[in-house]
Amino acid sequence: MPIYEYRCESCSGKFEVLTRFAERDSLQMCPSCESTKTRVMVSSFAVAGGSESASSLDFGSEQTGGGCCGGACGSCGSSPN
Ligand SMILES: [Zn+2]
């Protein structure tokens, strides 16, 4: 089961609930103030709409300034500078 993060609108506290997806949008009680004025926070993986942050995961291809070891091995960090 996934863990969803909720935010309490009464005390602005955050808490996590292990629940099913079908019950994600159901009301959860805040463990701090026992209020049910809580909202589920959108998980990062669920954020659609194309952001550039996804490119950070693409380190399979060789980029500049990295090399195999960050330049410590001498064979990959030999940029003339
Ligand atoms: Zn609360």
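This report describes the fold, the zinc site, the salt bridges and the aromatic pair of a predicted model.

**Overall make-up**

The protein chain has 81 residues, and 15% of them count as buried. Its secondary structure consists of three strands and zero helices, so that the order of elements from the N terminus reads β-β-β. Strand 1 covers residues 3–8, strand 2 covers 14–18 and strand 3 covers 38–41. When contacts between residues at least 6 apart in sequence are considered, 28% of them join residues at least 24 apart. The accessible surface of the protein chain is about 6,600 Å², and carbon and sulfur atoms account for 51% of that surface.

**The zinc site**

Which residues hold the zinc ion? The ion is coordinated through the SG atoms of Cys 8, Cys 11, Cys 30 and Cys 33, at 2.2 to 2.3 Å. Along the chain, these donors follow the spacing C-x2-C-x18-C-x2-C. The angles among the four donor atoms run from 103 to 119 degrees, and the site is tetrahedral. That label applies because four donors count as tetrahedral if all angles lie between 85 and 135 degrees. For reference, the ideal angle for four tetrahedral donors is 109.5 degrees.

Two of the coordinating residues can be described by their accessibility. Cys 8 has 0% relative accessibility and counts as buried. Cys 11, with a relative accessible area of 36%, is partly exposed.

**Salt bridges**

Side chains of opposite charge can pair when their charged atoms come close. In this model the count comes to three salt bridges.

| Residue | Partner | N to O distance |
|---|---|---|
| Arg 39 | Glu 9 | 2.8 Å |
| Glu 23 | Arg 20 | 2.5 Å |
| Asp 25 | Arg 24 | 3.3 Å |

Arg 39 forms a salt bridge with Glu 9. Which parts of the chain does this pair tie together? Arg 39 lies in strand 3, while Glu 9 lies in the loop between strand 1 and strand 2, so the pair ties together parts that are 30 residues apart in sequence. Arg 39 counts as exposed, at 56% relative accessibility. Glu 9 counts as partly exposed, at 35%.

In the salt bridge between Glu 23 and Arg 20, Glu 23 is partly exposed, with a relative accessible area of 31%. In the bridge between Asp 25 and Arg 24, Asp 25 counts as exposed at 57% relative accessibility, whereas Arg 24 is partly exposed at 23%.

**The aromatic pair**

The structure holds one aromatic pair.

Key. Residues numbered from 1 in each chain as written. Predicted model: local features only at pLDDT ≥ 70, side-chain atom pairs only at ≥ 80, totals over all residues. Heavy atoms only, no water. Donors = N, O, S within 2.8 Å, 3.2 Å for Na, K, Ca; no water. Tetrahedral: all angles 85-135°; square planar, octahedral: opposite > 155°, others 65-115°. Buried < 20%, exposed > 50% of the residue type's maximum accessible area, 1.4 Å probe, protein only. Helix = DSSP H or I, 4+ residues; strand = E, 2+ residues; numbered from the N terminus. Contact = heavy atoms within 4.5 Å. Areas by Shrake-Rupley, 256 points an atom, 1.4 Å probe, with all protein chains shown as cover. Salt bridge = Lys/Arg side-chain N within 4 Å of Asp/Glu carboxyl O. Phe/Tyr/Trp six-rings, centres within 6.5 Å; stacked < 30°, edge-to-face > 60°.
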